[in-house]
Each structure stands twice: as C-alpha cells, then as structure tokens.
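Subject: Handing over a two-chain model

Dear colleague,

Please read them with the structure open beside you.

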Amino acid sequence: MLAVRDERDRQAFAQLFDFFAPRLKGFIMRSGVTSAEAEDIVQDVMLSVWRKASSFDPHRAQVSSWVYQIARNRQVDVLRKTRRPVPEELKQETTTDVDSVQIIALEQEASKLRDALATLSDDQREMVEKAYLGELSHSEIQAETGLPLGTIKSRIRLGLERLRHELKGTRQS
Amino acid sequence: MTDIVHHIPDHLLLSYASGSLPQPFALVVAAHVSMCDECRARLEAHESVGGMVLEDSDQIIVSDDAKSRLMARLDDAMETQPIYDRSGIFPAPVMQALNGLPPKWKSLGMGARQSILDESAEGSVRLLYIPPGQAVPDHGHNGLELTMVLQGAFSDETGRYGAGDVEVADADLEHTPMAEEGEPCICLAATDASLRFNAWVPRMLQPFFRI
C-alpha cells in the first residue's frame with residue numbers, strides 16, 4: 001500500500017486488487033446486487049483506493065479498515081443515490097516521518113483483535129459479520145447483547161493517543 | 001475545542017461504520033465525529049473490525065476484464081465533486097448538506113427558527129435556532145431523535161448540552177429542552193419520525209411546519 005501511495009506503483013496496486021477485489025465482491029454481493037453490479041462497485045472502490053492513496057495513514061489504520069471504509073461509503077452512495085455524510089478529514093501535516101513504534105503497536109492491536117474474533121462462537125461470529133456488513137439496523141445492534149463491543153476498547157485507546165499526538169500541533173490556535 | 005461530554009453511543013457508531021444508519025442520523029454522526037477525537041478513535045476502531053470482516057469474507061472471483069478495465073482507468077481525469085470546508089459553527093458535513101450556502105431559516109414563532117436540510121421516508125434532519133432562555137415546546141418522539149448542539153447550550157431533564165454534545169432521545173423520553181441565556185442555541189436535529197408536540201398550538205401547526 002505504501003508503494004502505491006508514495007511511488008504510484010501499478011504493480012503493487014495490481015497486487016492490492018488481487019487481494020481485495022474478490023473479497024470486496026463477496027462482501028458486496030451479500031447486499032443482493034448482481035455479479036456485474038458488484039464488479040462495477042469493486043472497480044469504483046479500487047479506483048478510489050488508487051486516487052485517495054495519499055490520505056492513507058498507516059499510523060491510524062490498517063489497509064483493510066481503510067478499504068472497508070471506502071467500500072461502505074461507495075455502497076451507501078450507490079444504494080441511496082446521494083453522497084453519504086462523512087466526517088471532516090484531519091488536516092495532516094505533510095511529513096513523511098514514519099513512527100514505526102506506532103505502526104507496530106497498531107499491528108499488535110490488530111492481531112489481538114483477530115484472536116478475539118477467532119474465539120467467538122459461531123453465533124456471535126455470524127452476528128459480528130452481519131453487523132459490520134450493514135445487515136443489522138441500529139436498533140438491532142443495540143438489542144444484540146452478544147456483540148463483543150468491549151474487545152475494541154484498547155484499540156480505541158491506541159487510536160485516541162495517536163489522534164491527540166497528531167493534532168497537538170494543529171489545534172494550538 | 002470545547003469539552004464534549006455527551007457522545008455518540010456505540011451501537012450508532014457501528015451502524016454508521018457499516019452503512020446501515022439512516023441518512024439523517026448519519027449526518028449527525030459525521031458532524032459530531034468532525035468535532036470529537038474520542039468518537040473518531042471509536043469509529044476508527046469499528047472500521048478496523050470491519051476491515052477484518054472484509055479480509056475474512058467469502059471470495060468471489062472477479063473477471064480479468066474488470067481488472068484490465070480498471071487498470072486502464074487509473075489515469076482518467078477525476079470527476080470533481082465540490083468539497084465543503086467547515087464554515088463558522090457548521091462542520092463540513094453540515095456545509096455539504098447546505099450545499100455550501102447559509103441556512104434558509106423559517107420562523108417557528110416566538111423567535112424560534114428551523115432550516116430543513118433533508119427529509120425523506122427515512123426521517124428528517126434540520127437546523128434549529130432557539131433564542132436564549134426559551135424552551136423548545138415539550139415533546140416526545142415516535143422514534144429516535146439525535147440533537148447535536150452547534151452553538152450555545154440547552155438543558156433538559158437529562159442534563160446540560162453544550163457545543164459538540166449530542167443528546168440521544170428515544171420514544172420513551174418526554175423532555176423540555178431549554179436554551180441557556182447568552183448566545184442563541186443552534187442545533188442539528190435528526191429524527192426518524194415526526195415530533196409529537198404536547199402543547200395544543202404546536203400540534204396544530206405541525207403539518208404546516210413539517211415538524
């Protein structure tokens with residue numbers, strides 16, 4: 001992903017496509033669209049990945065969560081035929097400094113989360129999939145006590161520390 | 001930054017992340033996250049779980065044709081979509097809903113005003129302007145209502161809400177929000193059902209003002 005972002009490397013992008021496109025298609029087809037429609041959305045999502053690569057920040061997100069967010073935005077736009085309201089992007093300083101400690105911490109946090117997801121019962125796992133694929137309404141999510149929302153607590157703390165660190169310089173005014 | 005006390009609850013953040021949240025509420029979530037680091041971090045955590053679900057999701061083969069068509073499009077010019085910045089008290093997602101223009105206020109009587117941003121079968125979202133010290137008529141809801149303060153503050157039976165705070169009210173809550181003295185209170189309010197006013201006059205006006 002960083003080769004795509006920093007060097008506009010098409011070979012690396014083709015590899016990203018090979019990894020994500022079949023998963024995105026599987027994910028998108030669960031909403032009931034045809035194979036051809038799903039492929040159109042997959043192309044749009046991957047085109048956004050290429051174009052928005054400069055806003056990918058490895059200190060704050062895994063590649064998969066960034067792609068997930070782009071895919072949800074695109075799918076909502078297509079379904080509702082309007083632009084989905086999205087939060088303001090943070091004004092990033094144009095530094096390319098890499099804080100490897102933070103990136104490793106994020107990676108460790110991700111593997112902890114993966115482990116936690118792997119220990120879920122089949123029913124819970126099914127609920128998590130449905131919730132994150134957009135198949136549950138907000139009131140169904142609220143009523144569904146089996147969702148392991150507590151497992152993301154330390155991921156939140158890590159993300160918040162990073163945001164505060166990044167924003168320290170920009171919010172002095 | 002003011003200190004935000006009242007945040008977006010997790011089930012609404014997850015629903016927003018997954019795309020299932022109706023548009024009027026999604027606007028309030030996007031506006032709040034624009035102002036609140038804590039909820040941004042919580043939303044990003046939900047997105048990281050979403051990313052893992054994506055990584056593990058069933059794979060369906062994508063045609064070679066789709067890939068080669070995409071690779072050919074990488075250099076295409078981008079369609080430009082207008083990008084709105086925060087303007088004064090209005091965060092960028094609200095400016096997008098306003099198409100970059102100032103709100104068109106309509107009087108609700110007694111100095112209160114509203115500007116409807118979006119209205120559909122899913123619900124509605126509006127800006128409300130309440131003069132200092134004045135009450136929003138006592139009302140309940142048929143469904144969920146999210147109210148985010150953009151300027152000033154209001155208080156009701158459940159607490160005090162200042163700039164950036166979000167009140168989550170469900171059908172059970174009968175409340176009487178009262179704007180504080182000082183600045184007029186300006187709120188972003190989303191609901192999935194029309195408000196039920198208890199007072200006789202506002203109820204009569206309800207169809208007229210669409211609230």
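Predicted model: local features only at pLDDT ≥ 70, side-chain atom pairs only at ≥ 80, totals over all residues.

Residues are numbered from 1 along each chain as its sequence is written, and chains are lettered from A and ligands numbered from 1 in the order in which they are written.

Chain A has eight helices and zero strands (helices are DSSP runs of H or I with at least four residues, strands are runs of E with at least two, and both are numbered from the N terminus). The C-alpha trace of chain A spans about 45 × 35 × 30 Å along its principal axes. Of the 173 residues in chain A, 32% are buried, where buried stands for 20 or more other C-beta atoms within 10 Å of the residue's own, exposed for 12 or fewer, and partly exposed for anything in between, with C-beta atoms placed from the backbone.

Between the chains, 55 residues of chain B are in contact with 60 residues of chain A, a contact being two residues whose C-beta atoms, placed from the backbone, lie within 7 Å. On the chain B side, the elements giving two or more residues are α1 (10–18), α2 (23–35), α3 (37–56), α4 (64–73) and α5 (92–97) of chain B, and α3(B) gives the most, with 17 residues.

Helix α1(B) is mostly covered, with eight of its nine residues buried; among them are B:Leu12, B:Leu13 and B:Tyr16. What covers these buried residues includes α4 (63–80), α6 (122–132) and α7 (138–143) of chain A together with α2 and α3 of chain B. Just after α1(B), B:Gly19 takes a positive phi of about 90 degrees.

Chain B also holds an open sheet of six strands in the order β1-β2-β3-β10-β5-β8, with antiparallel pairing (two strands pair if DSSP finds at least two bridges between them). Strands β1 (106–109) and β8 (166–169) of chain B stand at the edges with a single partner strand each, so one side of each is left without a neighbour in the sheet. Strand β10 (residues 185–191) of chain B pairs with β3 (residues 123–130) of chain B over seven bridges, B:Ile130 having B:Cys185 as its bridge partner, and β10(B) pairs with β5(B) over six bridges, where B:Val149 has B:Cys187 as its partner. Seven of the seven residues of β10(B) are buried, so this strand is largely enclosed by the rest of the structure.

The largest nonpolar core has 87 residues, and A:Val42, B:Leu13, B:Val28, B:Val29, B:Met148, B:Cys187 and B:Leu188 touch the most other members; such a core is a set of buried Ala, Val, Leu, Ile, Met, Phe, Trp, Tyr and Cys residues joined through C-beta atoms within 7 Å. Helix α2(B) gives the most to this core, with nine residues. Domain 1 (1–89) and domain 2 (97–173) of chain A, whose bounds come from an automatic or database domain assignment, both give residues to this core, so the core lies between them.

With best regards
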